[in-house]
Amino acid sequence: MEENKSEHINHFEKHRHPELSFLEKDIGKPKLVLVGNPNVGKSLVFNELSGMNVEVSNYPGTTVEIIKGSYKNYDVYDTPGVYGVSSFNDEERVARDEILGADIILNIVDATHLERDLFLTQQLIDMGKKLVVLMNFMDDVKRHNIKIEIEKLSQFLGVDIFPIIAVKGEGFDKIAGAIERAREGIQREGMHGSLHSMLKMVGSQAEALLILEGDEFIAKRHGVHPGSSRDEIYIDRRNRINYIVNQVVIDDSPKKRISEMVGRWAIKPITGIPILAFALYISYLFVGKFVAQIVVNFTEIQIGKGHWEPWVREIITAIIPSSSWWNSLLVGDFGIITMTTTYLLFLLLPLVIAFYVALSLMEDSGYLPRLATMVDRTLSVLGLNGRAVIPLILGFGCVTSATITTRLLGTEREKTIATALLQFAIPCSAQLAVIAALLAGAGFLPMLVYALTIFGVLIAIGTILNKFLHGESAPLLLDLPPMRIPRIQNVARKTFYRTFQFMKEASGWFFVGALAVGIAQITGLLVYLQKLIIPLTTHWLQLPPEASTAFIMGVVRRDFGAAGLYHLSLSPMQITIALITITLFVPCIASLMVMMKERGLKEGFIIWIGTWVVAFFIGGVVSHIVI
Amino acid sequence: MLKSKNAVPLHLTSTGDVLRIASMPHGTLRAQFVRLGIHEGEKVKCLERLPGGTVVIQKNRQQIAIGHQLAKQIMVIVIGDKEK
């Protein structure tokens with residue numbers, strides 16, 4: 001694990017290009033940085049301040065977005081939610097650098113979680129930052145019968161505190177004045193000596209404190225050794241905050257609340273499994289029925305095949321004659337402009353958006369962390385912790401986007417396992433529709449054979465990788481946010497950013513993949529490959545030779561593979577064998593490319609070869625058992 | 001000082017137990033716990049103990065899910081089992 005960490009550190013630091021960093025841009029304008037724990041309503045405040053004029057960019061070397069806007073004469077930055085300033089993961093490293101570069105900090109705290117949130121506030125104060133506190137969820141405070149003596153708290157901290165209700169915009173009129181009142185708070189005594197000597201060496205109080213707290217990155221930047229007093233400083237700060245909270249908060253809230261009860265039901269298997277089934281069913285109605293059938297039918301068939309493809313084909317053919325191989329490369333059956341655009345924009349995009357909407361709703365309601373908790377023990381058999389439920393669910397939408405999402409997992413080991421599971425055993429939505437239709441026609445027994453085989457392979461691959469991969473997976477440690485009704489604005493924004501990221505990172509690979517296949521078709525390589533696997537198809541899998549075409553087409557688009565089986569006359573069990581093989585084998589070419597990029601050439605290649613071997617091996621074994 | 005013979009690993013407690021934290025693992029995990037308000041001597045409640053040993057603890061309004069591997073490394077003293 002240590003090795004992984006340092007590898008990761010190097011990767012991150014290697015990709016930090018100081019000249020590109022936002023810290024160095026626009027030196028003239030003062031920087032106003034919004035800081036807070038996760039789910040405290042930072043984004044709502046950010047939107048209020050910056051309006052629509054927002055720049056989103058990735059922090060170099062990470063997937064973490066930097067969201068920048070402007071307010072009056074300030075540059076405003078939103079930061080990822082963090083529980084403290086340190087360097088435990090990418091989010092924290094990005095937040096840390098934004099905080100270090102800040103002129104003024106707008107610290108947003110959740111009034112119902114002051115014990116947790118004020119730790120960060122006190123740390124910002126100890127760093128010597130100028131700040132002002134916005135205390136959100138004042139409506140919940142009232143509803144839960146909590147009393148907070150804000151005046152007294154403000155005296156303890158030495159900074160101003162403004163109550164707000166972000167969802168209603170209450171108190172927002174005070175923010176302008178609040179920013180002007182930002183100042184340094186009351187720092188913890190007792191560590192002045194060591195802080196002072198470190199300050200002399202590094203020249204910034206904030207960085208000096210982080211070094212004393214053992215921050216390896218900052219220490220490295222200044223060429224000094226990280227301090228070893230983190231525990232001491234943290235416990236001291238924690239005790240201080242506990243003392244303050246005891247002095248200023250009286251919590252008379254009734255013990256049982258409905259939302260809390262629902263939250264607990266979601267965690268316990270006995271109630272949690274029916275809740276999961278319900279959530280999945282609703283998601284299925286939305287994604288599988290509404291978007292995949294009604295919306296995609298319209299976008300893919302009407303817009304894509306009906307208007308876009310004939311239109312662009314006509315234009316291109318007017319310039320490049322249809323006899324030219326350029327023409328077929330661009331607008332042929334697998335043309336980059338025709339097929340890939342239709343696939344990407346009119347089939348995948350609506351599905352990916354729908355999946356992200358469902359995911360954001362589950363996340364913002366507080367359900368997703370509870371689901372992760374419930375499945376944690378089960379996933380640990382596969383060497384994953386509960387958080388891996390997110391990429392695994394997303395895989396049923398689009399394996400390519402899910403492969404990108406594996407980044408949120410804690411260790412390289414978990415990323416490898418999750419990626420392998422996605423590439424091997426999770427059929428994406430494009431494929432699922434065809435699989436479901438074919439299996440429904442085949443009957444109950446074939447359906448059962450299919451489900452058991454795929455599920456068995458999933459468990460087997462996870463278990464084997466867990467056993468043989470070096471290192472340890474990170475344990476689950478998750479702060480469960482309260483159950484809340486999701487805010488539409490928040491869901492919309494998250495969906496937008498995630499979809500944007502997916503399109504930015506994956507769309508290019510769909511074109512590259514289509515180009516590769518187009519060339520393979522023109523050069524005859526595609527036909528050659530199809531012929532090459534015919535013996536395997538007929539003898540080993542006991543399928544008609546034409547099925548090999550379907551397999552190869554599966555490389556182009558996963559659903560093409562399955563759809564190619566429609567026209568063959570297959571017995572129900574033959575359908576099952578073909579579907580098992582196609583599900584296990586080769587993910588679409590875009591997900592292959594993204595996997596290579598995410599996991600490196602070597603690992604990506606091994607997984608890819610693995611899918612070929614496993615797909616044909618398992619397909620053949622099942623074939624010899626059932627046929 | 002809080003280490004006593006009565007201390008049990010967190011994953012062996014039951015839903016509803018009131019606990020005092022006796023010892024915790026070191027390193028960054030510890031720092032993450034301290035930030036969330038959990039450290040030696042704190043009183044917490046075992047809100048849910050799931051089959052397999054995943055535990056959700058509660059302190060005030062804060063709920064924290066802890067995987068069974070991590071829960072094994074946290075020693076606690078059961079000081080009450082009010083809500084059964």
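**View 1. Strand 11 of chain A pairs with strand 5 of chain B.** Strand 11 (477-480) of chain A and strand 5 (residues 62-66) of chain B run in the antiparallel sense over four bridges. Two strands pair if DSSP finds at least two bridges between them; strands (E, at least two residues) and helices (H or I, at least four) are DSSP runs numbered from the N terminus. L478(A) has A65(B) as its bridge partner in strand 5 of chain B. The model is predicted: local features need pLDDT of at least 70 and side-chain atom pairs pLDDT 80 or more, while totals for chains, interfaces and linings use all residues. Residues are numbered from 1 along each chain as its sequence is written, with chains lettered from A and ligands numbered from 1 in the order in which they are written.

**View 2. The side of chain A that touches chain B.** The contact takes 32 residues from chain A and 29 residues from chain B (in contact: C-beta atoms, placed from the backbone, within 7 Å). Helix 16 (367-380) of chain A gives the most to this side, with six residues. By class, the side has 14 nonpolar, seven polar and 11 charged residues (nonpolar: Ala, Val, Leu, Ile, Met, Phe, Trp, Tyr, Cys and Pro; charged: Asp, Glu, Lys and Arg; polar: the others, Gly among them).

**View 3. Helix 19 of chain A packs with helix 21 of chain A.** Helix 19 (residues 412-425) and helix 21 (residues 444-468) of chain A pack at about 155 degrees, with axes 10 Å apart (axes are lines fitted to C-alpha atoms over the stretch in contact; angles run from 0 to 180 degrees between N-to-C directions). That makes the two helices roughly antiparallel (over 145 degrees). Residues of helix 19 of chain A in this contact include F424(A), and those of helix 21 of chain A include L458(A).

Conventions
Parallel < 35°, antiparallel > 145°, perpendicular 65-115°, else oblique. Contact = placed C-beta atoms within 7 Å.
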